[in-house]
Amino acid sequence: MSSFGGFNSAASTPGVARKEDVMQQVKQELALANAQELINSINKQCYKMCIPSPGTSLSSSEQASLSRCMDKYLASWDTVSRAYVARVTQENH
Amino acid sequence: MYNNYGASYQEQRLQQMMEQKQLKDFMRMYSNLVSRCFEDCVSEFTSNTLNDKELTCVTRCTLKNMKLNERIGQRFAEENAKLMEDQAKMGR
């Protein structure tokens, strides 16, 4: 999540923008969109799984469940990432 | 990236837009994948780490979905080629 902190002041005139600056900006925009998408997914999934009947406030057990759900979801994200990269690099050899 | 203007600039812009779209599509596919595999493989939150069973399940789910996508792509390309061929024949 810290990968999208800080935006560099890339040159705004097209002719001057270096390729590296553009790449960096694209990466940051991507990381941000990625994070937003991720938070949305976690919200949706964990609400569905941890809060069977909504009350007026979150009980402490629901909070704990949500917290663990998020940890597990992020761990799944990592696992998918690893499996994906492993498969892709395997194909390229 | 924006070295010259004119028609070539248009091409570069178009290519950049296509690349962005591809990236977006990839990100969407990726997050759908994680969501699906999480839903299928994880059912309880007694701990905050994935146990071995869940880990294996997620890994297998990912690989299976990737293979599925590849096969769908292959079939699509085959069918598309057939369609183009048929259309070419009809056009004569």
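B:Lys89 is partly exposed in this predicted model, with a relative accessible area of 48%, and this lysine forms a salt bridge with B:Glu85 in which the closest N and O atoms are 3.5 Å apart. Both residues lie in helix H2 of chain B, four residues apart, which is about one turn of the helix. B:Glu85 is likewise partly exposed, its relative accessible area being 47%.

From chain B one can turn to its interface with chain A, where 27 residues of chain A are in contact with 32 residues of chain B. The area buried between the two chains is about 3,000 Å², and carbon and sulfur atoms give 70% of that area. On the side of chain A, the residues that lose the most area to chain B are A:Lys72, A:Tyr84 and A:Arg87, which together account for 24% of what that side buries.

Helix H1 (19-50) and helix H2 (60-91) of chain A each supply at least two residues of the side that touches chain B, and H2(A) gives the most, with 17 residues. By class, that side of chain A has 13 nonpolar, seven polar and seven charged residues.

Over all chains the count comes to nine salt bridges, and four are found across the interface of chain A and chain B. In one of these, B:Glu44 pairs with A:Lys72, the closest N and O atoms being 3.8 Å apart. B:Glu44 lies in the loop between helix H1 (7-41) and helix H2 (52-91) of chain B, whereas A:Lys72 lies in helix H2 of chain A, so the pair joins two chains. B:Glu44 counts as partly exposed at 29% relative accessibility, while A:Lys72 is buried, with a relative accessible area of 1%. A:Lys72, B:Glu44 and B:Glu54 are linked in a network of salt bridges.

Another salt bridge is formed by B:Glu70 and A:Arg87, whose closest N and O atoms are 2.9 Å apart. B:Glu70 is partly exposed, with a relative accessible area of 31%, whereas A:Arg87 counts as buried at 14% relative accessibility.

Conventions
Residues numbered from 1 in each chain as written. Chains lettered and ligands numbered in written order. Predicted model: local features only at pLDDT ≥ 70, side-chain atom pairs only at ≥ 80, totals over all residues. Heavy atoms only, no water. Contact = heavy atoms within 4.5 Å. Buried area = accessible area lost by both parts, 1.4 Å probe. Salt bridge = Lys/Arg side-chain N within 4 Å of Asp/Glu carboxyl O. Nonpolar A, V, L, I, M, F, W, Y, C, P; charged D, E, K, R; others polar. Buried < 20%, exposed > 50% of the residue type's maximum accessible area, 1.4 Å probe, protein only.
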